[in-house]
Amino acid sequence: MKRILIVEDVELNRDLLTQLLEDTYELVIAVDGAAGVEMAIAHRPDIILMDLSLPLVDGWEATRRIKANASTAAIPVVAITANAMTGDEDRARAAGCDDFMTKPVDEDLLFAKLRHWLD
């Protein structure tokens, strides 16, 4: 079973992603960017779903740290954010995100992206 690290500080968003994914994937959850980096290193997920607006360490910096670590650099990171301003996708990719989605999460698009990165 493929492992997904969800890095999301809003409980409602975590619950939604968990309900969508828990039957198909093993889930690991982090509620802030610092914990996300630690969990990526400890659990080596197959993919990371990264909120960008996080406490302690934001998703931009957490992604940079994950991509700078040789043991986690190859893990695909999909930014999932409510920040859909012009340039945010480019900024997320510059930080190391491999893909980008906006909230509210489109279930079909989420599963399409997971198939793309995990198959």
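## Helix α2 and its cover

The cover over the buried residues of α2 includes β1 (3-7), β2 (26-30), β3 (47-50) and α3. This is a predicted model. The buried residues in question are G33, G36, V37 and A40. Viewed down the axis of α2, they fall within an arc of 100 degrees, so they line one face of the helix. Residues three or four places apart in an α-helix point the same way, because a turn takes 3.6 residues.

The other side of α2 carries E38 and A42, both exposed.

## Packing of α2 on α3

Two packed helices are described by the angle between their axes and by the distance between those axes. Helix α2 spans residues 33-43 and helix α3 spans residues 59-68. They pack at an angle of about 20 degrees, and their axes lie 9 Å apart. Angles under 35 degrees count as roughly parallel, and α2 and α3 are therefore roughly parallel to each other. Their crossing is right-handed.

On the α2 side, the contact is made by G33, G36, V37 and A40. On the α3 side, A62, R65 and I66 meet them. The residues of this contact divide into 4 nonpolar, 2 polar and 1 charged. G33, G36, V37 and A40 are also the buried residues of α2.

## Helix α4

Helix α4 covers residues 88-95. Here D88, A92 and A95 are buried. They cover an arc of only 60 degrees around the axis, which puts them on the same side of α4. These buried residues pack against α3, β4 (77-81) and β5 (99-102).

G96 follows the helix. The phi of G96 is positive, near 120 degrees.

## I29 in strand β2

I29 sits in strand β2. I29 itself is partly exposed, with a relative accessible area of 32%. Partly exposed residues fall between the 20% limit for buried and the 50% limit for exposed.

Leaving aside neighbours within four places in sequence, I29 is in contact with L5, I6, R14, T18 and M39.

Definitions and conventions: Residues numbered from 1 in each chain as written. Predicted model: local features only at pLDDT ≥ 70, side-chain atom pairs only at ≥ 80, totals over all residues. Heavy atoms only, no water. Axes fitted to C-alpha atoms, helices over the stretch in contact; angles between N-to-C directions. Helix = DSSP H or I, 4+ residues; strand = E, 2+ residues; numbered from the N terminus. Parallel < 35°, antiparallel > 145°, perpendicular 65-115°, else oblique. Left-handed = near helix turned anticlockwise from the far one by under 90°. Contact = heavy atoms within 4.5 Å. Nonpolar A, V, L, I, M, F, W, Y, C, P; charged D, E, K, R; others polar. Buried < 20%, exposed > 50% of the residue type's maximum accessible area, 1.4 Å probe, protein only. Arc of directions from axis to C-beta.
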